Amino acid sequence: MKVESFPELMLAVSSERNPRNVFSQVVRGLVECRQVVLARVWLIDRGDICAECRMRRECPDQSRCLHLVASAGNPLDPEDDYSRLDGAFRRFPLGVRKIGRVASTGQALILSGITPDSEWVARPEWVESEEVATIAAQPLIYSGEVLGVLAVFDRQRLDAEQFRWLRIFADHAAIVLANARAYEEIERLNRRLSLENEYLREEVAADYPAAGIVGSSPGLARVLDQVSLVAPTQATVLIEGESGTGKELIARAIHEKSSRSSQAMVRVNCGAIPENLFESEFFGHVRGSFTGAVRDRVGRFETADGGTLFLDEIGEIPLGLQAKLLRVLQEGTFERVGEERTRRVDVRVVAATNRNLRQEVAAGRFREDLFFRLSVFPISLPPLRDRRDDVPALVDHFLRIAFRKLGRKPPRVSAEQYDLLRAYDWPGNIRELQHVVERAAILAKGNRISFELAPSTRPPSPETPPPLLTRKALRQQERTSIEAALRSSNGRIFGKGGAAELLGMKPTTLASRIHALGIPKVKLPRSRPPNP
């Protein structure tokens with residue numbers, strides 16, 4: 001090796017900010033000297049990822065080992081390629097062989113005047129054919145920690161001055177690597193902060209209805225007790241309940257009571273993602289991985305790293321992607337679309353669904369192993385009709401929000417109006433109640449306010465007491481009414497003359513009830529041609 005070339009080489013390495021390129025610069029610079037047979041760098045990384053590693057049995061714990069990251073050389077046979085990183089010695093267990101002991105002890109190694117018949121030489125034919133005379137290895141040390149090993153195989157004997165410069169160069173390379181890693185981490189944190197800011201702007205723009213959970217009914221109290229029990233743990237939670245029951249608020253309560261509350265809770269509406277974009281949305285993609293991928297994109301799992309990922313409508317995830325979701329839940333690892341690099345995240349998952357996932361598993365539409373992984377701690381939210389005592393508090397809460405936006409003082413709600421709202425069945429649950437209150441606030445005049453409910457489900461007047469019906473009978477009555485409306489509208493829900501208009505209901509509310517009651521699509525009779 002030429003000692004005079006080291007300062008220039010150190011200057012060239014100093015300008016590199018990409019950790020993966022630092023040691024490519026190092027080995028290419030060292031082999032500028034034609035007497036250097038081979039220059040290599042191994043870095044200490046997570047082990048047990050290479051099942052075919054020839055030294056696997058010698059590895060003491062298979063948790064960390066040396067991984068070859070850069071290689072270059074001057075082979076005598078031009079057919080040989082010394083830049084490859086997939087050879088027999090791409091892994092060295094710590095403490096095993098000469099290179100492994102340099103990493104485990106932090107002590108440099110120099111062997112001069114070596115011969116092919118030396119007992120420790122693994123490939124004597126290579127040593128002889130390449131005329132190797134010296135092997136020198138220096139640990140890459142930064143702040144007292146060994147990061148890896150730099151090794152040089154030379155055709156000449158290295159003197160003390162050359163070996164000292166190799167030590168200086170190794171120390172310099174370790175510092176450059178540490179700085180490059182720090183720069184990369186700052187860039188990663190900046191990208192993540194930017195993404196979180198973008199995500200939070202989306203959350204604010206979505207105008208979520210309420211930040212708190214309102215009510216004191218026994219059903220809600222039971223749910224809040226479950227939240228208090230599971231929130232401090234790292235368990236995966238599955239929140240089950242009809243649409244509009246407040247599943248996201250429960251997920252936020254779990255996040256805010258957990259040790260991850262200082263990090264973001266990232267929400268993904270699985271039902272709103274096109275099937276061909278599911279993998280990119282969850283795991284991200286690299287530029288050029290598919291048409292339209294004009295830049296690298298961080299997925300929701302990376303955005304939620306250290307925090308909570310809320311997967312709403314989990315039952316909508318395509319069966320083909322469920323295996324990849326199961327893997328990241330079990331192992332915490334994934335790859336971006338179009339990238340081979342495996343990434344690791346620490347994410348707590350809270351999932352929600354209005355479907356019966358047990359039935360979905362039985363029907364073959366949802367993986368059983370994923371269901372069991374998600375439902376470590378299931379929470380079932382009661383519908384609003386089962387917590388009618390909470391209706392007055394919810395009405396007051398939504399009225400305060402609505403009138404605050406309108407810049408007016410909310411009017412007083414009479415006891416009769418509270419009773420009217422309590423008696424209503426609320427097929428759309430809390431979301432429907434909020435919409436009814438918001439509409440009433442807009443239409444309110446002075447101190448007078450009234451609430452418009454669907455006529456078909458209004459409670460009868462006190463003068464004609466209604467017959468007592470069981471819940472099963474009530475549901476059957478509602479089902480019969482909806483089926484009749486669907487037949488009258490030829491199966492249409494929306495628009496003029498649709499079933500929603502016939503029933504005096506919002507189309508979205510009717511769609512929710514059709515789903516909840518399990519009403520199949522109406523089979524329309526075939527039209528007959530008119531008589532001639």
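The following dialogue explains how selected features of this predicted model are read.

Colleague: What conventions apply to the numbering and to the confidence of the predicted model?

Modeller: Residues are numbered from 1 along each chain as its sequence is written, and side-chain values use heavy atoms, with hydrogens and water left out. The model is predicted, and local features need pLDDT of at least 70, side-chain atom pairs count only at pLDDT 80 or more, and totals for chains, interfaces and linings use all residues.

Colleague: How many helices and strands are there in the protein chain?

Modeller: Helices (H or I, at least four residues) and strands (E, at least two) are DSSP runs, numbered from the N terminus. The protein chain has 18 helices and 15 strands.

Colleague: What percentage of the residues in the protein chain is buried?

Modeller: Buried means under 20% relative accessible area, exposed over 50%, and partly exposed in between, with a 1.4 Å probe and protein chains only. Of the 532 residues in the protein chain, 46% are buried.

Colleague: How is a pair of aromatic rings described?

Modeller: A pair of aromatic rings is described by the distance of the centres and the angle of the planes. Rings of Phe, Tyr and Trp (its six-membered ring) pair if their centres lie within 6.5 Å; planes under 30 degrees apart count as stacked, over 60 as edge-to-face and the rest as tilted. The structure holds 11 aromatic pairs. One of them joins Phe 278 and Phe 282, edge-to-face, at 5.9 Å centre to centre and 85° between the planes.

Colleague: Where do Phe 278 and Phe 282 lie, and are they buried or exposed?

Modeller: Both belong to helix α8 (residues 278-283), and because they are 4 residues apart, about one helical turn separates them. Phe 278 and Phe 282 are buried. The pair of Tyr 424 and Trp 426 is edge-to-face because the ring centres are 4.5 Å apart and the planes stand at 85°. Tyr 424 is buried at a relative accessible area of 2%, and Trp 426 is buried at 0%.

Colleague: Which residues form one aromatic cluster with Phe 278?

Modeller: Phe 282, Phe 283, Phe 301 and Phe 334 form one aromatic cluster with Phe 278.
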